[in-house]
Amino acid sequence: MADKRGIDISAYQGSPDFAKLKGKVDFIILRAGYGRYPSQKDKSFERNYAECRRLGIPVGAYWFSYAVNAADAKREAAACAEVLRGKKFEYPIYFDVEGKSLVDKATVSAMCETFCSAMEKQGWFAGIYISRSPAQTMLTEKVASRYALWLAEYGGRLNWSGDVGMWQNSSSGKVSGISGNVDTDICYVDYPKLIRAKGLNGFKADGKPVLDNVGFRKGDRSEGVLAYKLMLKLADEAGVVSAAVDENNTFGEGTLKATNALLAKWGYAENGIAGEGVLKRLYSILKR
């Protein structure tokens with residue numbers, strides 16, 4: 001996929017002329033709100049969302065966090081989900097962690113994991129927005145690799161060696177349709193294709209039913225993942241599915257391919273999620 005160029009906006013951009021923006025940007029990430037309560041919805045969010053939908057501009061959203069612990073992050077996820085209810089987004093829903101929320105590594109990682117996990121359980125494709133420097137010092141490797149990562153760093157270069165989905169490369173961009181400066185972004189992942197295929201963010205998965213919206217997915221690490229991978233190895237030996245998986249507790253590319261192969265074989269959307277439905281169906285096959 002060729003890199004996509006976009007912007008992120010909030011009420012601070014006033015009332016953009018979206019007709020002028022159409023064709024100038026590939027996507028727009030909207031601030032949905034901030035804090036613990038749905039009443040803290042960004043005052044321009046509804047208009048911005050409606051205009052993007054009307055004109056066919058792909059959108060994502062972010063929730064600005066004031067959390068200082070995981071309990072706060074859980075409440076913010078509930079507020080965000082309420083504001084987003086009934087809407088569709090082609091790009092991820094990001095937890096925006098910065099400023100006073102940058103408490104310490106363990107806490108920030110726990111907050112990010114709590115928010116993103118809560119959003120995923122409700123069918124959203126979740127990610128993290130954070131500046132590059134605190135990303136290196138405040139996120140565990142597990143969290144940084146598990147969720148869609150949107151990093152901010154200005155100056156013409158992103159100094160990050162790991163995977164990254166999107167880069168906010170400037171806060172002083174200029175684009176027709178917006179008066180004044182605007183944040184500009186470069187996206188490296190085909191999120192619209194990925195999100196639609198998985199049936200997330202309000203979309204149905206390519207016309208096929210979704211077996212699981214919640215469960216193990218790429219990047220997860222746990223003893224449960226290991227148990228699932230051992231089931232896949234048994235399924236491979238039984239000729240049920242081709243599964244090139246190792247015996248560790250990480251849900252990697254091989255596990256993803258095997259999971260999607262099973263889903264395709266059973267007639268479900270290939271969303272890469274192994275939840276209760278996949279596990280029960282696979283178990284019933286293996287015990288025959």
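Before selecting anything, keep in mind that the structure on your screen is a predicted model. Begin by colouring residues 4-198 as domain 1 and residues 216-287 as domain 2, which are the bounds that the domain assignment gives for this chain. Where the domains meet, the contact draws six residues from domain 1 and eight residues from domain 2.

Next, show the surface of both domains, which bury about 680 Å² between them, with 41% of that area on carbon and sulfur atoms. On the side of domain 1, select Lys142, Arg146 and Lys198, the residues that lose the most area to domain 2 and that together account for 64% of what that side buries.

Now turn to charged pairs, and display the side chains of arginine 221 and glutamate 141, which form a salt bridge whose closest N and O atoms are 3.9 Å apart. In total, three salt bridges are counted between domain 1 and domain 2, while the count of residue pairs in polar contact, with both residues at pLDDT 80 or more, is one.

Finally, switch to a cartoon view and select helix H6 (141-146) and helix H7 (191-198), the elements that each give two or more residues to the side of domain 1 touching domain 2. Helix H6 supplies the largest share of that side, namely three residues. Coloured by class, this side of domain 1 shows four charged residues, one polar residue and one nonpolar residue.

Conventions
Residues are numbered from 1 along each chain as its sequence is written. This is a predicted model: local features need pLDDT of at least 70, side-chain atom pairs count only at pLDDT 80 or more; totals for chains, interfaces and linings use all residues. Side-chain values use heavy atoms; hydrogens and water are left out. Domain bounds come from an automatic or database domain assignment. Contact means heavy atoms within 4.5 Å. Buried area is the accessible area (1.4 Å probe) that two parts lose on being put together, summed over both. A salt bridge is a side-chain nitrogen of Lys or Arg within 4 Å of a carboxyl oxygen of Asp or Glu. A polar contact is a pair of N or O atoms within 3.5 Å; within protein, one must be able to donate a hydrogen and the other to accept it, and residues adjacent in sequence count only if both atoms are side-chain atoms. Helices (H or I, at least four residues) and strands (E, at least two) are DSSP runs, numbered from the N terminus. Ala, Val, Leu, Ile, Met, Phe, Trp, Tyr, Cys and Pro count as nonpolar, Asp, Glu, Lys and Arg as charged, and the others, Gly among them, as polar.
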